[in-house]
Amino acid sequence: MTYARRALAVARKDVAVERRSKETLNALVFFSLLLLFVFQITLGADRDRLAAVLPGVLWLGFVLSALLALGRTFLVEREHDCWEGLLLAPGDKSAIYLGKLASNLVLMTVVEALVLGLFVIFFDIDIRRALPGLFIVVALGTFGLATVGTLFAAMTANVRAREVLFPVLLLPVQVPVLLATVKATEALLLGEPLGAVAHWLKLLAAADVIYLVVSVLTFDVILEG
Amino acid sequence: MPDNWSFVAAAYGVTAIVLITYWWRLVRRERELDALRNRPERRTSRQS
Amino acid sequence: MIRTLGWLSVVALVAGLVMSFGVAPREVTQGTVQRIMYVHVPLVISSYVAFIVLAVASFVYLLRRDPRADRVAHASGEIGVMFIGLGIATGSIWGKPTWGTWWTWDARLTSVAILFVMYVGYLLLRGSIDDPERAARFAAVLGIVAALDIPLVHFSVYWWRTLHQPPSLMKPGGFTGSTAILWPLLVNLVAFVILYAYLTARRARLLRAEAEAVA
């Protein structure tokens with residue numbers, strides 16, 4: 001099987017598993033609704049405070065959902081004793097990484113679209129003008145989270161205190177991505193043009209490239225056994 | 001501006017205490033391992 | 001060799017102390033508290049050295065799988081975390097009388113805090129893996145990712161905040177403080193880097209002894 005085919009096979013399998021069980025998706029949807037609810041309780045009445053805090057809370061929702069989704073990347077393999085199968089897979093193991101990355105991206109995008117949609121509806125936010133810019137920021141940010149997240153998920157899959165260690169490792173490393181996306185989202189929602197956040201976009205793009213290259217190059221090392 | 005010597009003492013003090021404690025624990029652990037290494041060697045030489 | 005480093009660091013640190021309190025002038029606006037800078041800045045910069053050494057050692061380990069490289073990375077990580085932790089503590093103690101608060105989310109303190117948490121994570125990862133070979137491999141990957149992240153952290157935080165006086169040493173313009181401050185600072189910086197080298201070498205040697213004791 002060629003490299004690309006293998007990656008695609010992994011991605012398709014994961015998406016199919018998720019579509020059938022919807023385990024992760026359900027948890028994420030429920031969590032997003034909870035976040036929305038809490039946000040409404042604390043800030044719903046005060047429109048100004050709400051608008052000021054919105055970018056941060058939006059990305060908080062994205063990130064926490066990402067942690068849940070990414071943390072479960074290798075759950076299926078671990079629980080159903082398929083881990084050895086991964087280790088013994090022939091050829092370049094980074095194909096597995098790309099496949100996992102792809103399925104994570106799909107999952108995260110679905111959840112983010114849902115969260116964003118809910119926020120827009122329930123808090124009556126007009127994002128039409130900001131939408132194209134927002135799309136780029138969210139895409140870049142999600143990619144950054146997913147690349148490192150998938151790598152770290154593999155790293156922590158079989159260690160002690162996995163559930164605690166994964167976010168502890170991922171979040172500090174992702175602070176630049178979080179800063180960039182929140183500040184850029186804030187500016188865009190205030191009506192600023194895309195050019196005004198160019199430096200943040202460049203940072204995100206640079207981060208994405210660095211993370212992807214390092215992850216692809218080092219994934220084999222993690223799966224050496 | 002008042003002199004705030006207590007803050008200076010606190011900063012230097014904390015630094016000194018932490019560094020010296022770390023160094024001392026290194027030394028102690030080294031000695032432990034040295035002792036462990038020497039004792040079984042002496043036992044085997046007595047047996048031979 | 002290690003013992004020489006040890007004595008050298010003691011001498012250098014004493015020299016640094018003398019310069020901080022005897023030679024350095026009393027600062028006009030801040031008073032005596034400013035002298036904390038002579039430990040705070042060297043601690044932070046030495047920790048950067050530690051993390052760079054960690055990254056290089058991690059890279060070497062992945063290429064050659066030499067356990068010595070792994071031990072250097074491990075030791076460097078420990079001392080780096082200790083130094084940067086002390087950097088945060090001294091920075092905070094310096095900040096209280098100067099800015100009136102123990103903590104502020106300005107560029108430098110925020111970056112340093114993020115690095116601290118990142119490398120504590122590095123040590124936690126090592127601690128969570130029992131198999132030493134696996135721990136070495138995974139830690140090496142994390143060490144490289146963390147090091148690559150440092151410039152990203154630096155820029156993102158700096159763009160986000162510029163309350164703190166722009167770091168005089170790291171800014172492109174160059175150092176703007178007076179030379180009377182520069183010399184004590186440099187002496188202390190050299191002293192702490194030597195101390196870092198000594199402690200790292202000693203810790204790495206202990207790691208080898210521990211590995212041999214188990215074998």
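Helix axes here are lines fitted to C-alpha atoms over the stretch in contact, and the angle between two of them runs from 0 to 180 degrees between N-to-C directions. Welcome to this predicted model.

**Two packed helices in chain A**

- Two packed helices are described by the angle between their axes and the distance between the axes.
- In chain A, helix 2 covers residues 23-43 and helix 3 covers residues 47-71. Their axes come within 10 Å and cross at roughly 160°.
- Angles over 145 degrees count as roughly antiparallel, and helix 2 of chain A and helix 3 of chain A are therefore roughly antiparallel to each other.
- The crossing of helix 2 and helix 3 of chain A is right-handed.
- To find this contact in the structure, look in helix 2 of chain A for residues including A:Thr24, A:Leu28, A:Phe31, A:Leu35 and A:Phe39. On the side of helix 3 of chain A, the residues they meet include A:Arg49, A:Val53, A:Val57, A:Gly61 and A:Leu64.
- By class, the residues of this contact between helix 2 and helix 3 of chain A are 12 nonpolar, 4 polar and 1 charged.

**How the chains touch**

- There are 2 pairs of chains that touch, and the pair with the most contacts is chains A and C.
- Chains A and B, by contrast, do not touch: 25 Å separates their nearest C-alpha atoms.
- Where chains A and C meet, chain A contributes 24 residues and chain C contributes 25 residues.
- On the chain A side, at least two residues each come from helix 7 (131-156), helix 8 (162-173), helix 9 (175-189) and helix 10 (198-222).
- Helix 10 of chain A gives the most to this side, with 8 residues.
- The side of chain A that touches chain C is made up of 19 nonpolar, 2 polar and 3 charged residues.

**A look at chain C**

- Along the principal axes, the C-alpha atoms of chain C fill a box of roughly 60 × 40 × 30 Å.
- Of the 215 residues in chain C, 47% are buried.
- Among the contacts in chain C with a separation of 6 or more, 78% join residues 24 or more positions apart.

Conventions
Residues numbered from 1 in each chain as written. Chains lettered and ligands numbered in written order. Predicted model: local features only at pLDDT ≥ 70, side-chain atom pairs only at ≥ 80, totals over all residues. Buried ≥ 20, exposed ≤ 12 C-beta atoms within 10 Å, placed from the backbone. Contact = placed C-beta atoms within 7 Å. Helix = DSSP H or I, 4+ residues; strand = E, 2+ residues; numbered from the N terminus. Nonpolar A, V, L, I, M, F, W, Y, C, P; charged D, E, K, R; others polar. Parallel < 35°, antiparallel > 145°, perpendicular 65-115°, else oblique. Left-handed = near helix turned anticlockwise from the far one by under 90°.
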